[in-house]
Amino acid sequence: MEPSSGSRDAGPAVPPVAAVLPAGGSGERLGGATPKQFCAVQGRPLVSYTVQAMERIAWISDIIVVVSPENIEKMKSIIEKYGHKRVTVVKGGITRHRSIFNGLKVFAENEFSNHLLQKPEVVIIHDAVRPFVEEDILSKVVMAAKEHGAAGAIRPLVSTVIASAADGCLDHSLERARYRASEMPQAFLFDIIYEAYQQCTDYDLDYGTECLHLALKYCKTNAKLVEGTADLWKVTYKRDLYAAESIIKDNLSQQVCVITDVKEVVAQVGSLLCESLQSQIKVEAISTSLNKNDSHLQNILLGQCYNFVCVNDKKCAIQETQQLVDVLEKSNIPLLYPVVLLLVHLYVSENISFSIGMEELTQLKKFAREVKKKNILVYGLLIQYK
């Protein structure tokens, strides 16, 4: 029984997989008054990107975000503003381990939640300031945890680790080839990691940082180490925020949503378009009427997609596209970054007059001038389809 490869496909049966995101750090190394998890990247708090990465995966049933007491209301407002689902906010402790322990308690104790959530078989622990985690590595650590009890992502060491003596001189160095950097995400059978936290000492809770070590020390569980990807890095310093913004901008330019009418001819053209684009960029395809409140489209908008291709064969294509423009405006997405909207209008006929084409293009130009003021860039393509 494996997690699904597609985030919207059916995932594992119950008991579910849950995720705990510690987000209680003060951001001391970042500098500035705002903790790094709440710093804006492309106008959106960093923690929101990480939550979004988790909620895109259907087989993750609950997402627990653990924040310091003074930031609980701020986190709740972020959840409401960006429409995050399946998220519970929990009060953190004074250290990382105490915060994670509080996050686990919502599945076993009533102290930190009004009601108990369903206890998962496997729980993922992932830093709220590692926003670029992908489903593939999450699936790998979850499956490894099911088999071994615990698992964690690792990366090769970039620099050699050395130890200094009391006088400040070199004492010894580690053989870099033998060691790895412990990264996130990590995953555990819930009963194992919860038991480990219940047994660990105050010293562990106050000074420890490695969850895998707790599972080994208190439950004799040797974690399976899973080779991670280069995008698992943690936003720690101010320069990391600039790097994160650059990656997010690049990701936005590499994805497009193709929206087609449900008519067979239009759907065929949309399918061909998707096939030709998929080798170059990430493509989401929707077959629906823009007049309807499509949940799939809403999820894509929450994911901050900025490129849309609308394929239809209706003479009222511009009026219908206005529905999408209205939805985009309500989402506030165009406030952060220009939205590109390509209208592909099919004229299904053996013959087409030049006057009909010019009429459509004139309407399109007028429509484009109006929505450009809203930071939405509209382009049009009129195709005769036999």
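Of the 386 residues of the protein chain, 48% count as buried, where buried means under 20% relative accessible area, exposed over 50% and partly exposed in between (1.4 Å probe, protein chains only). The model is predicted, so local features need pLDDT of at least 70 and side-chain atom pairs count only at pLDDT 80 or more, while totals for chains, interfaces and linings use all residues. Residues are numbered from 1 along each chain as its sequence is written, and side-chain values use heavy atoms, with hydrogens and water left out. The protein chain contains 13 helices and 16 strands; helices (H or I, at least four residues) and strands (E, at least two) are DSSP runs, numbered from the N terminus. Among contacts (heavy atoms within 4.5 Å) in the protein chain between residues at least 6 apart in sequence, 74% join residues at least 24 apart.

Helix α3 is largely enclosed by the rest of the structure, because 8 of its 10 residues are buried. These are His-97, Ser-99, Ile-100, Phe-101, Asn-102, Gly-103, Leu-104 and Lys-105. In α5, the buried residues are Phe-190, Ile-192, Ile-193, Tyr-194, Ala-196 and Tyr-197. The buried residues of α5 pack against α3, β6, β10 (180-189), α6 (202-207) and α7 (211-219).

Two packed helices are described by the angle between their axes and the distance between the axes. Axes are lines fitted to C-alpha atoms, for helices over the stretch in contact, and angles run from 0 to 180 degrees between N-to-C directions. Angles under 35 degrees count as roughly parallel, over 145 as roughly antiparallel, 65 to 115 as roughly perpendicular and the rest as oblique. For α3 and α5 the angle is about 130°, with the axes 10 Å apart; the two helices are therefore oblique to each other. Their crossing is left-handed, a term applied if the near helix is turned anticlockwise from the far one by less than a right angle, with right-handed used if clockwise. On the α3 side the contact is made by His-97, Ile-100, Phe-101, Leu-104 and Lys-105, and on the α5 side by Phe-190, Ile-193, Tyr-194, Tyr-197 and Gln-198.

Helices α5 and α7 pack at about 80°, with their axes 9 Å apart, which makes α5 roughly perpendicular to α7. Here Ile-192, Ile-193, Glu-195, Ala-196, Tyr-197 and Gln-199 of α5 meet Cys-211, Leu-214, Ala-215, Tyr-218 and Cys-219 of α7.

A search of the whole structure finds 6 aromatic pairs. Rings of Phe, Tyr and Trp (its six-membered ring) pair if their centres lie within 6.5 Å; planes under 30 degrees apart count as stacked, over 60 as edge-to-face and the rest as tilted. Phe-107 and Phe-190 form an edge-to-face pair, at 5.7 Å centre to centre and 80° between the planes. Phe-107 lies in the loop between α3 (96-105) and β6 (122-125) and Phe-190 in helix α5 (residues 190-199), so the pair ties together parts that are 83 residues apart in sequence. Both Phe-107 and Phe-190 are buried. Phe-190 also forms a stacked pair with Tyr-194, at 5.4 Å centre to centre and 15° between the planes. Phe-190 and Tyr-194 are separated by about one helical turn, because they are 4 residues apart in helix α5. Ring pairs link Phe-101, Phe-107, Phe-190, Tyr-194 and Tyr-197 into a cluster.

Charged side chains also lie over aromatic rings. Arg-44 lies over the face of Tyr-49, at 5.5 Å from the ring centre, and Lys-74 over the face of Phe-38, at 5.0 Å from the ring centre. A charge sits over a ring if NZ of Lys or CZ of Arg is within 6 Å of the ring centre and within 35 degrees of the ring normal.
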